[in-house]
Amino acid sequence: MEHILSHITSQIKSVALKDIASLVQITFYIIGSTIAILTYRGAKRGLLNTVNTEYQKRVMDHLEKLSEFLYDEFRIDPEDDTKHGRLYPNDTNIISLIESIVYSFEEHEDPKSFKIDKIFYPPVALRLSTFRGQVKSDPFIPDEISNYVILYLTYRIHATTTVTREVIRELEETLKNGTYDDLHSLPENVNRIYYERLESKGFGYGDVEVEVHKIRTKIKGYLKSYNPLP
């Protein structure tokens, strides 16, 4: 009898030890898996934070370039006739163009047959058009700013191009019909009309300056939203 009880007791102890060993093993696996998951999440979060930080740096750099490009028009450079700051009130591009047209007219034998064949695309519009294309595909300019700038540039390019072609065609008719007092005063007169037309369309010098400051304020607001300091 004692032998039987001893055998049963030893079997119970053996089973208990096996259960304890299994429990310890399961616990080890759970702890190991938890540590692995937490380590992975921490590494992933650190990587994402690094990528996000680098992305935001690129965004800030591109927004700075956008801001500088827009404001650059108001830094008058006498050597660069494509700047908006050179357009008003004396657009040397328009004046030079009109002077060349007047010269061609004076050299033309028959005033009635005089014709301007070339369709002119103003340099400032070409510059803005090129920049608009860059903004459209720039992945580092936020959509809310990009869409606003693209729309503004589109309207302005259209207005500038339309007004330039209008005044050139009107000049052609003026020359052909002889409805002018002095050929040499035409360039300045056409330049004045050019400016007045742009102003009437909401793209005079003051209008452009206000719009540029509005866009730069949007950029400032976006950058401030990422400022970690209060």
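These legends go with a few close-up views of a predicted model.

**View 1. Helices H3 and H4, packed against each other.** Here H3 (residues 123–136) meets H4 (residues 143–177) at an angle of about 160°, and their axes sit 9 Å apart. The two helices are therefore roughly antiparallel, and their crossing is left-handed. On the H3 side, the contact residues include Val 124, Leu 128, Phe 131 and Val 135, while H4 brings in Val 149, Ile 150, Leu 153 and Ile 157, among others. Sorted by class, this contact has 9 nonpolar, 5 polar and 3 charged residues.

**View 2. A salt bridge between Arg 127 and Asp 72.** The closest N and O atoms of this pair are 3.7 Å apart. It ties together distant parts of the chain, with Arg 127 in helix H3 and Asp 72 in helix H1 (residues 2–72), 55 residues apart. Arg 127 has 16% relative accessibility, so it counts as buried; Asp 72, at 21%, counts as partly exposed.

**View 3. Glu 166, Glu 170 and Arg 197, a salt-bridge network.** Zoom in on Arg 197 and Glu 170 and you'll find their side chains meeting at 2.9 Å, N to O. This pair also links distant parts of the chain: Arg 197 belongs to helix H5 (residues 186–200) and Glu 170 to helix H4, 27 residues apart. Arg 197 is partly exposed at 24% relative accessibility, as is Glu 170 at 35%.

View 4. Glu 211 is buried at 16%, whereas Lys 214 is partly exposed at 39%.

Conventions. Residues are numbered from 1 along each chain as its sequence is written. This is a predicted model: local features need pLDDT of at least 70, side-chain atom pairs count only at pLDDT 80 or more; totals for chains, interfaces and linings use all residues. Side-chain values use heavy atoms; hydrogens and water are left out. Axes are lines fitted to C-alpha atoms, for helices over the stretch in contact, and angles run from 0 to 180 degrees between N-to-C directions. Helices (H or I, at least four residues) and strands (E, at least two) are DSSP runs, numbered from the N terminus. Angles under 35 degrees count as roughly parallel, over 145 as roughly antiparallel, 65 to 115 as roughly perpendicular and the rest as oblique. A crossing is left-handed if the near helix is turned anticlockwise from the far one by less than a right angle, and right-handed if clockwise. Contact means heavy atoms within 4.5 Å. Ala, Val, Leu, Ile, Met, Phe, Trp, Tyr, Cys and Pro count as nonpolar, Asp, Glu, Lys and Arg as charged, and the others, Gly among them, as polar. A salt bridge is a side-chain nitrogen of Lys or Arg within 4 Å of a carboxyl oxygen of Asp or Glu. Buried means under 20% relative accessible area, exposed over 50%, partly exposed in between (1.4 Å probe, protein chains only).
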